[in-house]
Amino acid sequence: MTDSDRRYTVSGMTCGHCKSSVIEEVLQVPGVRAVDVDLDSGVLTVRGEADDAAIHKAVDEAGYAVV
Ligand SMILES: [Cu+2]
């Protein structure tokens with residue numbers, strides 16, 4: 001398996017606190033090595049080999065949703 005960046009659009013993030021909540025949760029997903037969030041576009045970028053479903057679940061747990 002190769003290491004690659006995947007992008008997800010997340011709804012509901014409005015400020016730096018939202019951003020750090022999402023980053024904290026997604027960083028806990030096994031296989032995730034780095035996470036970035038662009039607040040303006042709502043784009044979450046994940047580097048690593050994590051499962052898609054696990055990323056969705058982590059975003060849910062942070063209180064937001066992948067669209
Ligand atoms: Cu916020």
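**Contacts, fold and copper site of the predicted chain**

Residues 24 or more positions apart account for 59% of the contacts in the chain with a separation of 6 or more, a contact being heavy atoms within 4.5 Å. The model is predicted, so local features need pLDDT of at least 70 and side-chain atom pairs count only at pLDDT 80 or more, whereas totals for chains, interfaces and linings use all residues. Residues are numbered from 1 along each chain as its sequence is written, and side-chain values use heavy atoms, with hydrogens and water left out.

Two helices and four strands are present, in the order β-α-β-β-α-β from the N terminus; helices (H or I, at least four residues) and strands (E, at least two) are DSSP runs. The radius of gyration is 11 Å, close to the 11 Å given by the globule rule for 67 residues, so the chain is as compact as a globular protein of that length. This radius is taken over C-alpha atoms, and the rule is 2.2 Å times the number of residues to the power 0.38. The C-alpha trace spans about 35 × 20 × 20 Å along its principal axes.

Of the 67 residues, 36% are buried (under 20% relative accessible area; exposed is over 50%, partly exposed in between; 1.4 Å probe, protein chains only).

The copper ion is coordinated by Cys15 (SG) and Cys18 (SG) at 2.0 to 2.1 Å. Donors are N, O and S atoms within 2.8 Å of the metal (3.2 Å for Na, K and Ca); water is not among the atoms, so sites may look incomplete. Cys15 counts as partly exposed because its relative accessibility is 34%, while Cys18, at 7%, counts as buried.
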